[in-house]
Structures are given as C-alpha cells and as structure tokens.
Amino acid sequence: MPVGQQVPADMAAGQPEPPMRASNTLACRTKEEERRIICAALAHWESCRPTRDDLPDAETIDLYHPLLRPHFYIVRIHDVIGDSLIEHCGGALTAICGRTMVGQRLSTSLPRGIAADRLDYLDAAARLGKPMAESTAFQRDDGQVILFRDAIMPLASHNGCRLLLGAISFRLGTENDL
C-alpha cells in the first residue's frame, strides 16, 4: 500500500477479504469430470499427431481408450455441413440425443435446441483444421436441460474424405442453468 494511504478498516483489523463472487458462466457450471474428459481427449488427439504441423490419421485414434470410449464420436464432413454423417458414436452422445446417432445426418438428428449452433461449430472446425472446445447448455424436447462440454478435433484427410473426431461430456441441469 502506498505511503500515506489510509488502510481500510477490515484490512487493519486483519479481516480476510470477502470471497470472490462465483462465476455463473456455462464453462464454470460443468463439473471437474466434464473438464477432465475433454482435456484427456485433446491430449490423446495431440499425442497421435505425427508432427506438430500434421493432423493425426483416424487410424491412430484409439476409439476404445478406457476413459474416452463413451465420449468419442466421428463425423464424416460433406460439402454441406448438414449432410455430414455420424460414423461412430459413443454412449454420451446417444444419451444426450436420446437415440443412436450412427449413420444419421447432422441436420436431421441433432436436438432442435442446439442444431444450428452445432452445425456452425462443426463447420468452423472443419474449415479451420484446428481443434475447438466449447461449453453450452440446451433444453431437449422432453424438457430436460443438458449442460455439456465438447471438443472437435480434425483428422487427416484421405481420398477427399474429411473427418472430425468429437469428444463430449455432459451432466443434467435445471432450467436455472439455461
């Protein structure tokens, strides 16, 4: 404290500063487990890259990784993002959507509450060729609120095929979480 400045009474009395107000962002409302899953998926993707400048091949990704298996999904990107197909789907995405997603087109299979945003997000990851992560919430048609964290990681292209590896973790929320 600068010389000559008066010390606030609570500091002079040795009182601790009041705790900071808890953040109310969606990223802070997910739990440690959701953050751990997404960080582990990004680390696995990074470890599969042949060099820092290259994307990993789909064959190098361990879709049966003990921690990540239920959280992984793979999307085959088409020229129109909504026409892209889900080729592999772990249990987490199935639970969020309420049905199996394998073989489904993104435009018709994603829950209405997040479809437009998710299509933009997947399209950006495919165009940029860089991993992306986000946290968000939505309400399903049945009224259940879902809070989730997600990472999208591009995979190397072969024969004009573009693939995205996704990892998703979620928890059930309440209307207060929207």
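# Working chat: rings, cores and charge pairs

Modeller: Both F138 and F148 are buried. Bear in mind that this is a predicted model.

Biologist: How many aromatic pairs does the structure hold?

Modeller: One. The ring centres of F138 and F148 are 6.0 Å apart and the planes sit at 75°, so the pair counts as edge-to-face.

Biologist: Which strands do F138 and F148 lie in?

Modeller: F138 is in strand β3, residues 132-139, and F148 is in strand β4, residues 145-158. The pair therefore ties together parts that are 10 residues apart in sequence.

Biologist: Before we go on, what is the average pLDDT of the chain?

Modeller: The average is 83. A score of at least 70 is reached by 81% of the residues.

Biologist: Where does pLDDT stay under 50?

Modeller: Residues 1-12 are one such stretch. The model gives that stretch six contacts beyond four places in sequence. Residues 15-27 are also below 50 in pLDDT. That stretch has 11 contacts in the model beyond near neighbours in sequence.

Biologist: How should coordinates be read where pLDDT is low?

Modeller: Where pLDDT is low, the predicted coordinates should not be read in detail.

Biologist: OK, on to packing. Which residues touch the most other members of the largest nonpolar core?

Modeller: L93 and L164 do, in a core of 26 residues.

Biologist: Which elements each supply at least two residues of this core?

Modeller: The strands are β1 (72-77), β2 (85-89), β4 and β5 (161-173). The helices are α4 (91-97) and α6 (115-128). Helix α6 gives the most, with six residues.

Biologist: Back to L93. What does L93 touch, not counting residues up to four places away in sequence?

Modeller: Y73, I86, M101 and I168.

Biologist: And what does the second, separate core include?

Modeller: The second core has 16 residues, among them C48, L68, F72 and L155.

Biologist: Switching to charges. How many salt bridges are there?

Modeller: Nine. Side chains of opposite charge can pair when their charged atoms come close.

Biologist: Start with E87. Which side chain does E87 meet in a salt bridge?

Modeller: E87 meets R76, at 2.2 Å from N to O. E87 is in strand β2 and R76 is in strand β1, so the pair ties together parts that are 11 residues apart in sequence.

Biologist: What is the relative accessible area of E87, and of R76?

Modeller: E87 has 36%, so E87 is partly exposed. R76 has 27% and is partly exposed.

Biologist: Next, D150. Which residue is its salt-bridge partner?

Modeller: R118. The N to O distance is 2.1 Å.

Biologist: Are D150 and R118 buried or exposed?

Modeller: D150 is buried, and so is R118.

Biologist: What about R127 and D123: where do they lie?

Modeller: Both are in helix α6, four residues apart, about one turn of the helix. R127 counts as exposed, with 58% relative accessibility. D123 counts as partly exposed, with 26%.

Biologist: Which residues are linked in a network of salt bridges?

Modeller: E46, R49 and R52.

Biologist: Now S109. Where is its place, and is S109 buried or exposed?

Modeller: S109 is in helix α5, residues 106-109. At 1% relative accessibility, S109 counts as buried. A polar atom of the S109 side chain lies 2.6 Å from the backbone oxygen of R105. Leaving out residues up to four places away in sequence, S109 touches I86, R99, M101 and Q104.

Biologist: Last one, T60. Where is T60?

Modeller: T60 is in the loop between α3 (32-47) and β1. T60 is partly exposed, with a relative accessible area of 38%.

Biologist: Which backbone oxygen does the T60 side chain reach?

Modeller: That of D57, at 2.7 Å. Aside from its neighbours within four places in sequence, T60 is in contact with H44 and C48.

Biologist: How many residues apart in sequence are T60 and H44?

Modeller: They are 16 residues apart in sequence, and 9.9 Å apart in space, C-alpha to C-alpha.

Methods:
Residues numbered from 1 in each chain as written. Predicted model: local features only at pLDDT ≥ 70, side-chain atom pairs only at ≥ 80, totals over all residues. Heavy atoms only, no water. pLDDT = per-residue confidence, 0-100. Contact = heavy atoms within 4.5 Å. Phe/Tyr/Trp six-rings, centres within 6.5 Å; stacked < 30°, edge-to-face > 60°. Buried < 20%, exposed > 50% of the residue type's maximum accessible area, 1.4 Å probe, protein only. Core = buried A, V, L, I, M, F, W, Y, C linked by side-chain atoms within 4.5 Å. Salt bridge = Lys/Arg side-chain N within 4 Å of Asp/Glu carboxyl O. Polar contact = N/O pair within 3.5 Å; in protein donor to acceptor, adjacent residues only side chain to side chain.
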